[in-house]
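Have the structure open beside you and follow along.

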Amino acid sequence: MIRKLSFLAIALAAVAALGCAPTPTSKSDGGGSGSGGGGGGGGGGVTYTKDVQPILMAKCAPCHTTDGLGAHNIATTYDDVHDPVVSVDAPAGCFKDGLAKMMPKTMGECALVAIMEGWMPMAMFCADMPRPAPCVTLAQQEVIAAWVAAGMPE
């Protein structure tokens, strides 16, 4: 019974994330960075290259661009989003079995969990409200959530 309720909660969260995803042609990701204006460039869904990587580059550098901290460079290397989480100090939400931490999710899935829990960027107090400037904004978080819910397309 509990397993069914957990599955239902996860499914509802995924649907809610998709429903809240901003349309890429109507506004920017809320970060104000990147290569100009809001729209331009064929619609479609949220992708790593177009939508998520600019957020990760702005908020996760240099630790996850060149330093390889956490055993990945997710902000520069798309292939790393599919790698399994290897750090047992990652939040329990980064594991399919929670606190047991024996069945890791992917780095892309864990990035969303770490952002939502305020765990990343590290030591920036991102669980506080309002979120400090170095943290991922709520609008950026919604973009990443929509990307994860869509299967993390490149």
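Helices here are DSSP runs of H or I with at least four residues, numbered from the N terminus. This is a predicted model, in which local features need pLDDT of at least 70 and side-chain atom pairs count only at pLDDT 80 or more, while totals for chains, interfaces and linings use all residues. Residues are numbered from 1 along each chain as its sequence is written, and side-chain values use heavy atoms, with hydrogens and water left out.

Now look at which side of the helix is covered. Buried residues of α2 are Tyr48, Asp51, Val52, Ile55, Leu56, Lys59 and Cys60, where buried means under 20% relative accessible area with a 1.4 Å probe, protein chains only. Viewed down the axis of α2, these buried residues fall within an arc of 120°, so they line one face of the helix; the arc is taken from the directions from the helix axis to the C-beta atoms. An α-helix has 3.6 residues a turn, so residues three or four places apart point the same way. Among what covers the buried residues of α2 is α4 (138-149), contact meaning heavy atoms within 4.5 Å.

Aromatic rings come next. Rings of Phe, Tyr and Trp (its six-membered ring) pair if their centres lie within 6.5 Å, with planes under 30 degrees apart counted as stacked, over 60 as edge-to-face and the rest as tilted. By this rule there are two aromatic pairs. The ring centres of Tyr48 and Trp147 are 6.1 Å apart and their planes are at 40°, so this pair is tilted. Tyr48 lies in helix α2 and Trp147 in helix α4, so the pair ties together parts that are 99 residues apart in sequence. Tyr48, Tyr78 and Trp147 form one aromatic cluster.

Note on methods. Buried < 20%, exposed > 50% of the residue type's maximum accessible area, 1.4 Å probe, protein only. Helix = DSSP H or I, 4+ residues; strand = E, 2+ residues; numbered from the N terminus.
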